[in-house]
Amino acid sequence: MPPTYVVGDLWDELPRADVILVTTNATLNARNELVMGRGAALEAKQRFPRLPYWFGACLIERHVAGKLYGVMGIGYHDGSHALLGAFQVKYHWRDAARLEIVAFSAGQLTKIATTFSRIALNCPAVGNGRLAAADVLPILEPLPSHVIIYTKESL
């Protein structure tokens, strides 16, 4: 069964989801924090100000800063029971998203999805990622139905 698509606010999932993923890049700033300056990543950073630091530390620890990492999660809660995570769509924050990175991240998410009962994700690579939904949605089809993909408007 394909993922579930919802038009709405990703952050409505905070009390319900086991995992909330936001789309990200692999770029660290001068403070070794993951650059999270637009879209759902910026919203996550505003809600959880230490999140860029924790994501940056994970990338450094895994030696994947600036490289392909796919999906990563951290146990950062701050009033939420959801695990917060990153779903990589590009290498550098300035770049457009890349379909092959979205496919890699979606493949990783498919493998770990059985561990959780509800996963929420903003629609990858559209909007600030500058890719067409028609190109991205087929890549997401193998994700299970308990992966809830949020969009700001109908695709």
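Predicted model: local features only at pLDDT ≥ 70, side-chain atom pairs only at ≥ 80, totals over all residues.
The buried residues in α3 are Ile101, Val102, Ser105, Ala106 and Leu109. When the helix is seen down its axis, these buried residues fall within an arc of 130 degrees, and therefore they line one face of α3. The cover over the buried residues of α3 includes the strands β2 (19-24), β3 (71-74), β4 (83-88), β5 (119-122) and β6 (147-151), together with the helix α4 (133-140).

The side chain of Ser105 reaches the backbone oxygen of Gln88 at 2.7 Å.

The aromatic side chains were examined next, and a search of the whole structure finds two aromatic pairs. Trp11 and Phe48 form a tilted pair, with 6.2 Å from centre to centre and 55 degrees between the planes. Trp11 lies in the loop between β1 (4-7) and β2, whereas Phe48 lies in the loop between α1 (39-47) and α2 (51-61), so the pair ties together parts that are 37 residues apart in sequence. Both Trp11 and Phe48 are buried. In the pair made by Tyr53 and Trp54, the ring centres are 5.1 Å apart and the planes stand at 75 degrees, which means that this pair is edge-to-face. Tyr53 is partly exposed, with a relative accessible area of 33%, and Trp54 likewise counts as partly exposed, at 38% relative accessibility.

With regard to the cysteines, the structure holds zero disulfides. A disulfide is a covalent bond between the sulfur atoms of two cysteines. Cys58 is buried, with a relative accessible area of 17%, and Cys123 is also buried, with a relative accessible area of 5%.

The remaining residues belong to loops. Arg31 is placed in the loop between β2 and α1, and this arginine counts as exposed because its relative accessible area is 59%, where exposed means over 50%. A polar contact of 3.1 Å joins the side chain of Arg31 to that of Glu33. The C-alpha atoms of Arg31 and Leu59 are separated by 13 Å, although these two residues are 28 residues apart along the chain. Asn32 also lies in the loop between β2 and α1, and this residue has a positive phi of about 60 degrees although it is not a glycine. Asn32 is partly exposed, with a relative accessible area of 40%. A positive phi is found as well in Arg130, a residue other than glycine, for which the value is near 65 degrees. Arg130 lies in the loop between β5 and α4 and is partly exposed, with a relative accessible area of 47%.

Terms used: Residues numbered from 1 in each chain as written. Heavy atoms only, no water. Disulfide = S-S within 2.5 Å. Buried < 20%, exposed > 50% of the residue type's maximum accessible area, 1.4 Å probe, protein only. Polar contact = N/O pair within 3.5 Å; in protein donor to acceptor, adjacent residues only side chain to side chain. Helix = DSSP H or I, 4+ residues; strand = E, 2+ residues; numbered from the N terminus. Arc of directions from axis to C-beta. Contact = heavy atoms within 4.5 Å. Phe/Tyr/Trp six-rings, centres within 6.5 Å; stacked < 30°, edge-to-face > 60°.
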